[in-house]
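Please walk through this protein with the model open beside the text.

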Amino acid sequence: MPARDFFHSLMRIGPVQIGAHRDRHGTTKHAAVCTNDHCGWSADFSTQSAAQLAARTHRCKVR
Ligand SMILES: [Zn+2]
C-alpha cells in the first residue's frame, strides 16, 4: 500500500480507518482502509459519507 502523505481527519469504524487525502491533482479524496493485516481492503471515495457507508458495510474476508 502506498504511503498517504496527506492522510488526515482520521476516524475509525470497526477495523476500517477513514481519512482524507489529496491526490496528485489536488483533489480531496476520502479513503477507507481496513487495518486488519489479513484483509488489506482499501478504497477511495469522493465524499466522506460514501467512505463511511463503505466502512460500515465492509466485511473482512479473513477473521
Ligand atoms: Zn477488512
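The largest nonpolar core has 7 residues: Val 16, Ile 18, Ala 32, Val 33, Cys 34, Ala 51 and Ala 55. The largest share comes from β3, with 3 residues. In soluble globular proteins, nonpolar side chains tend to be buried together.

Now pick out Ala 32, one of the core residues. Leave aside residues up to four places away in sequence. Ala 32 then touches Val 16, Ile 18, Ser 42, Ala 43, Phe 45, Ala 51, Ala 54 and Ala 55. Among these contacts, Val 16, Ile 18, Ala 51 and Ala 55 also belong to the core.

Step back to the whole chain. The protein has 4 strands and 1 helix. Read from the N terminus, the order is β-β-β-β-α. Of the 63 residues, 13% are buried. Take the contacts with a separation of 6 or more: 24% of them link residues 24 or more positions apart.

Next, follow the strand pairing. β2 and β3 are antiparallel and share 7 bridges. Within this pair, Gly 19 has Ala 31 of β3 as its bridge partner. Gln 17 stands opposite Val 33 in β3. The two strands, β2 and β3, form a hairpin, with 5 residues between them. In the turn, Gly 26 has a positive phi of about 85°.

Thr 27 also sits in the loop between β2 and β3. Is Thr 27 buried or exposed? Thr 27 is exposed, because 9 other C-beta atoms lie within 10 Å, and a residue with 12 or fewer counts as exposed. Along the chain, Thr 27 and Ser 46 are 19 residues apart. Their C-alpha atoms are separated by 8.9 Å.

Move on to the other side of the pairing. β3 and β4 also run antiparallel, joined by 4 bridges. Here Val 33 has Ser 42 of β4 as its bridge partner.

How many other C-beta atoms lie within 10 Å of Cys 39? There are 17, so Cys 39 is partly exposed. The cut-off for a buried residue is 20 or more. Cys 39 and Arg 59 are 20 residues apart in sequence. In space they are 9.3 Å apart, C-alpha to C-alpha.

The protein averages a pLDDT of 86, and 83% of the residues score at least 70. Among the elements, α1 has the highest mean pLDDT, 96. Strand β1 (residues 8-13) has the lowest, 80. Where pLDDT is low, the predicted coordinates should not be read in detail.

Conventions. Residues are numbered from 1 along each chain as its sequence is written. A nonpolar core is a set of buried Ala, Val, Leu, Ile, Met, Phe, Trp, Tyr and Cys residues joined through C-beta atoms within 7 Å. Two residues are in contact if their C-beta atoms, placed from the backbone, lie within 7 Å. Two strands pair if DSSP finds at least two bridges between them. pLDDT is the predictor's confidence in each residue, from 0 to 100.
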